[in-house]
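Hello! Here are a few notes to read with the structure open beside you. Take the points one at a time and find each residue as you go.

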Amino acid sequence: MGQKVNPILFRLPVNRQWRSIWYADKKTFPRFIWEDYQIRKFIKKRLESAAVSKIVIERAGNRVRINIHTARPGLVIGRRAAELDKIKEEIADIVEKGREVLIDVKEVKHPELEAQLVAENIALQIERRVAYRRAIKRAIQLTMDAGAMGIKVRCAGRLGGAEIARAERYHEGKVPLHSLRADIDYGFAEALTVAGKIGVKVWICRKEDIATVVV
């Protein structure tokens, strides 16, 4: 009891896909893991204002294909794809020499249903000194209006600049975390405030497939 599991990891064999799609032997495996970490860290920092929800990295032969899922593709691509070319050049310095870097930008049409973007939005508002309750309740309302079955938000830290850290939970609708068939999206973000870090976790239930059981 009390052991936490990442909802995306929990559903990998059922209705989720890995975010690093490649195979490697024992020698190259650590390098690929390190490269993937550095690529994600660089993109998240470089495209901080572009609302990047997830980064999927595929490797085949000498090619490294990076799929950037963003709510603002115009910011990522830039005028005449100038920004995209700069990013590609900088990522080429991170990966092993001789590997071809390809970048695909995919638009997120419903950012209100992406847990990572919702968590980052709440964290950003807290950093801007918006009352955390107002930020959370507004995010919940927007998500439910977008057609979600349910949303759960957990905010922890020195909320409102309080002396003692605490955690608060807000819940609306249906979020069945134990149902593997449920399409649960999970996101985590940190707000850097004067009082310290405030962690924001978001779970969104987008839909639940009704499985037909054959007896």
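The points below go from the domains to their interface and then to a loop.

1. Please keep in mind that this is a predicted model.

2. The UniProt record, an unreviewed entry, places the annotation "domain: KH type-2" on residues 39–109.

3. How much area do domain 1 and domain 2 bury between them? The value is about 390 Å², with 57% of it on carbon and sulfur atoms. On the domain 1 side, Lys44, Ser53 and Ala71 lose the most area to domain 2, and together they account for 68% of what that side buries.

4. Across the interface of domain 1 and domain 2, one salt bridge is found.

5. Now turn to the loop between helix H3 (73–77) and helix H4 (82–94), where you will find Arg80. Most residues other than glycine have a negative phi. Arg80, however, has a positive phi near 55 degrees. Is Arg80 buried or exposed? Arg80 counts as exposed because its relative accessibility is 82%, and the cut-off is over 50%.

6. Ala81 sits in the loop between H3 and H4 too, and its phi is also positive, near 60 degrees. With a relative accessible area of 24%, Ala81 is partly exposed.

Notes: Residues numbered from 1 in each chain as written. Predicted model: local features only at pLDDT ≥ 70, side-chain atom pairs only at ≥ 80, totals over all residues. Heavy atoms only, no water. Helix = DSSP H or I, 4+ residues; strand = E, 2+ residues; numbered from the N terminus. Buried < 20%, exposed > 50% of the residue type's maximum accessible area, 1.4 Å probe, protein only. UniProt positions renumbered as here; feature names shortened; annotations may be inferred. Buried area = accessible area lost by both parts, 1.4 Å probe. Salt bridge = Lys/Arg side-chain N within 4 Å of Asp/Glu carboxyl O.
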